[in-house]
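Subject: Structure handover

Hello,

Below is the structure I said I would pass on. My notes on it follow, residue by residue and then for the chain overall.

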Amino acid sequence: MQGPTVTLDRGSPVPLYFQVAQQLEAAIRAGELPPGARLENELDLAARYRLSRPTVRQAIQHLVDKGLLVRKRGVGTQVVQSQVRRPIELSSLHDDLTSDGREPRTQVLELETVPADAEAAEQLGIAAGTDVLRIRRLRLTGGEPLALMTNIVPLRLIDVTAAHLEAHGLYETFRGAGVNLRIAHQTIGARAATAAEARLLDERRGTPLLTMTRTAFDDKGIAVEFGTHVYRADRYSFSHTLVGK
């Protein structure tokens, strides 16, 4: 899209690049340049503002460094999507996005019965090799990928199709099946994106990702889900309140 009108004071001691950056930042914060909006390329901006290309590039880089713009190969320069700030509670990402007024979209990448590996078996309290349901989904919001989620669920706990999971969250599905989630053990960390994860999340290989593993239990103390999720660190964060003893 065409950038906002910029007024320059060429006699001011304030550098021209900074004047441009300030006015672009004001347009972003006012919603004139909404999240996901693409800026004109540097040549077009330079011509419209009657500036040199290096000056425009410096202004854009200033906003990239502040986390307001992002450069994407083959796409151009875009306004950064607002970050999803998620409270650490026993809720699903789908539920949290919906309650925050965002529109989650889901692509089901895998939905199949597989033998449980050693880690999933230990977390679910079953024998290794026991058949389980593996669900792998890509969660998007604002038209951009946000998270890649893998969930291992005991068989016969839920009867679900890919079409259902594209329209409903997993925890919503649990509730519909009469499963009452009560408690979960969760670990949050970070690591570099693999090539496959980077491709799905529209990131570069090696980009830092937030990670979360969670084992959820029902009101009878039975493990009903083991999840391993990765999130784009530029779009997602966890928040919680600490209370002193």
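Thr215 counts as buried because its relative accessibility is 3%, where buried means under 20% relative accessible area, exposed over 50% and partly exposed in between, with a 1.4 Å probe and protein chains only. Thr215 lies in strand 8; strands (E, at least two residues) and helices (H or I, at least four) are DSSP runs numbered from the N terminus. Leaving out residues up to four places away in sequence, Thr215 touches Gln123, Ile183, Ala184, His185, Ala223, Glu225 and Phe226, a contact being heavy atoms within 4.5 Å. One of these, Ala184, is 31 residues from Thr215 in sequence, while their C-alpha atoms are 5.4 Å apart.

Please note that this is a predicted model, in which local features need pLDDT of at least 70 and side-chain atom pairs count only at pLDDT 80 or more, while totals for chains, interfaces and linings use all residues. Residues are numbered from 1 along each chain as its sequence is written, and side-chain values use heavy atoms, with hydrogens and water left out.

Ala27 is another buried residue, at 3% relative accessibility. Ala27 belongs to helix 1, which covers residues 16–29. Pro4, Glu32 and Leu33 are the residues that Ala27 touches when those up to four places away in sequence are not counted. Between Ala27 and Val6 the C-alpha distance is 9.9 Å, at a sequence separation of 21 residues.

Next, the salt bridges. The whole structure has ten of them, each being a side-chain nitrogen of Lys or Arg within 4 Å of a carboxyl oxygen of Asp or Glu.

- Glu40 and Arg48 meet through their side chains, 2.6 Å from N to O. Glu40 is buried at 16% relative accessible area, whereas Arg48 is partly exposed at 30%.
- Arg53 pairs with Glu42, with 3.2 Å between the closest N and O atoms. This pair links distant parts of the chain, eleven residues apart: Arg53 is in helix 3 (residues 53–65) and Glu42 in helix 2 (residues 42–49). Arg53 is partly exposed, with a relative accessible area of 38%, and Glu42 is buried, with 13%.
- Glu110 and Arg134 form a salt bridge of 2.5 Å, N to O. They too link distant parts of the chain, with Glu110 in strand 4 (residues 104–115) and Arg134 in strand 5 (residues 131–141), 24 residues apart. Glu110 is buried at 17% relative accessibility, and Arg134 is partly exposed at 28%.

How do helix 2 and helix 3 cross? Their axes come within 9 Å and cross at roughly 110°. The axes are lines fitted to C-alpha atoms over the stretch in contact, and angles run from 0 to 180 degrees between N-to-C directions. Helix 2 is therefore roughly perpendicular to helix 3, since angles of 65 to 115 degrees count as roughly perpendicular, under 35 as roughly parallel, over 145 as roughly antiparallel and the rest as oblique. The contact is made by Glu42, Leu43, Leu45 and Ala46 of helix 2 with Arg53, Val56, Arg57 and Ile60 of helix 3.

Two residues stand out for their backbone angles. Most residues other than glycine have a negative phi. Arg156, not a glycine, has a positive phi near 70°. Arg156 sits in the loop between strand 6 (144–154) and helix 6 (162–167) and is exposed, at 77% relative accessibility. Asp202 likewise is not a glycine and has a positive phi, of about 60°. Asp202 is in the loop between helix 8 (195–201) and strand 8 (208–218) and is partly exposed, at 42%.

Finally, the chain overall. There are eight helices and ten strands. Of the 245 residues, 43% count as buried. Among contacts between residues at least 6 apart in sequence, 59% join residues at least 24 apart. The accessible surface is about 13100 Å², and 50% of it belongs to carbon and sulfur atoms; areas come from the Shrake-Rupley method with a 1.4 Å probe, and for residues only the protein chains shown count as cover.

Regards
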